Amino acid sequence: MRTWFLCKVKYAKENEQGLLKNISEAYLVDAVSFTEAEAILYDRLASQIRGDFQVTGISKSNIVDVFFYEDADIWHKCKISYMVADGESGKEKKVTQYMIVTANDVKEAYDRIQESLGNMLVSFRVPDIVESPIIEVFPFERDEVADQLPEGNFRPVSEVAQNEE
């Protein structure tokens, strides 16, 4: 299961008049730890932000899924609720989850969440959608991890386990 971290970054940005103004922006990062989230931010933002920047906060997010559409750049946070049966007691329990989706407005975000979750086996409701302050999302990319590995005789763990049996 993915762990999404909400990260705040502060830096000086030049406005239209040429004056520097301190701003704070939010980013969502898929990482295994706070340390990795911070490292990903420094790696990705170093080429995007001119000058110095500072990571001022990192917290675990309650986001469980991200739906990206290329035709929009505004992130909307969607609250999804549905009922599931408790295996032991048989009683129904309400589950609430949060997801984000790119859309140009709230109506489009609602339509895209309905489309993205259309294959769910239980019926769900979307009681709340709000525009999110998140500027950009950095999902985990397997290719980046492979590029960081040094040269060597690496094999998948499954191969090693089969050979030892």
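Trainee: Which relative accessible areas count as buried, exposed and partly exposed?

Mentor: Buried means under 20% relative accessible area and exposed means over 50%. Values in between count as partly exposed. The model under discussion is predicted. In this model Phe34 has 40% relative accessibility, and therefore Phe34 counts as partly exposed.

Trainee: Is Phe5 buried or exposed?

Mentor: The cut-off for buried is under 20% relative accessible area. Phe5 has 1% relative accessibility, so Phe5 counts as buried.

Trainee: How many aromatic pairs does the structure hold, and what is the geometry of Phe5 and Phe34?

Mentor: The structure holds four aromatic pairs. One of them is formed by Phe5 and Phe34, with 4.9 Å centre to centre and 65° between the planes. Planes over 60 degrees apart count as edge-to-face, and the pair of Phe5 and Phe34 is edge-to-face.

Trainee: Which elements does this pair link?

Mentor: The two residues are 29 residues apart, and the pair links distant parts of the chain. Phe5 lies in strand S1 (residues 4–14), and Phe34 lies in helix H1 (residues 34–45).

Trainee: Why is the pair of Phe68 and Trp75 described by another term, tilted?

Mentor: Planes under 30 degrees apart count as stacked and those over 60 as edge-to-face, the rest being tilted. The ring centres of Phe68 and Trp75 are 6.0 Å apart and their planes stand at 35°, so the pair is tilted.

Trainee: What is the relative accessibility of Phe68, and what is that of Trp75?

Mentor: Phe68 counts as exposed because its relative accessibility is 52%. Trp75 is buried, with a relative accessible area of 6%.

Trainee: In which order do the four strands form the open sheet, and which are the edge strands?

Mentor: The pairing in this open sheet is mixed, and the order is S4-S6-S5-S7. Strands at the edge pair on one side only, and these are strand S4 (63–67) and strand S7 (124–131).

Trainee: By what angle are neighbouring strands of this sheet turned on average?

Mentor: With direction ignored, the average is taken over neighbouring strands of this sheet. They are turned against each other by 25°.

Trainee: Over how many bridges do S5 and S6 pair, and which residue stands opposite Thr102?

Mentor: Strand S5 (residues 75–85) and S6 pair in the antiparallel sense, over 11 bridges. Thr102 is found in strand S6 (residues 92–102). The residue opposite Thr102 in S6 is Trp75.

Trainee: Which strands does helix H2 touch, and what angle does its direction make with that of S7?

Mentor: Helix H2 (residues 106–116) packs on the sheet and touches S4, S5, S6 and S7. The angle between the direction of H2 and that of S7 is about 140°.

Trainee: What surrounds Thr102, and which residues are in contact with it?

Mentor: Thr102 counts as buried because its relative accessibility is 0%. A polar atom of the Thr102 side chain lies 2.6 Å from the backbone nitrogen of Tyr69. Leaving aside neighbours within four places in sequence, the contacts of Thr102 are Phe67, Phe68, Tyr69, Ala72, Ile74, Trp75 and Arg112.

Trainee: Over which ring does the charged end of Arg112 sit, and over which that of Lys77?

Mentor: The charged end of Arg112 is 4.2 Å from the centre of the ring it sits over, that of Tyr69. For Lys77 the distance is 4.9 Å, and the ring is that of Tyr98.

Notes
Residues are numbered from 1 along each chain as its sequence is written. This is a predicted model: local features need pLDDT of at least 70, side-chain atom pairs count only at pLDDT 80 or more; totals for chains, interfaces and linings use all residues. Side-chain values use heavy atoms; hydrogens and water are left out. Buried means under 20% relative accessible area, exposed over 50%, partly exposed in between (1.4 Å probe, protein chains only). A polar contact is a pair of N or O atoms within 3.5 Å; within protein, one must be able to donate a hydrogen and the other to accept it, and residues adjacent in sequence count only if both atoms are side-chain atoms. Contact means heavy atoms within 4.5 Å. Two strands pair if DSSP finds at least two bridges between them. Axes are lines fitted to C-alpha atoms, for helices over the stretch in contact, and angles run from 0 to 180 degrees between N-to-C directions. Rings of Phe, Tyr and Trp (its six-membered ring) pair if their centres lie within 6.5 Å; planes under 30 degrees apart count as stacked, over 60 as edge-to-face and the rest as tilted. A charge sits over a ring if NZ of Lys or CZ of Arg is within 6 Å of the ring centre and within 35 degrees of the ring normal.
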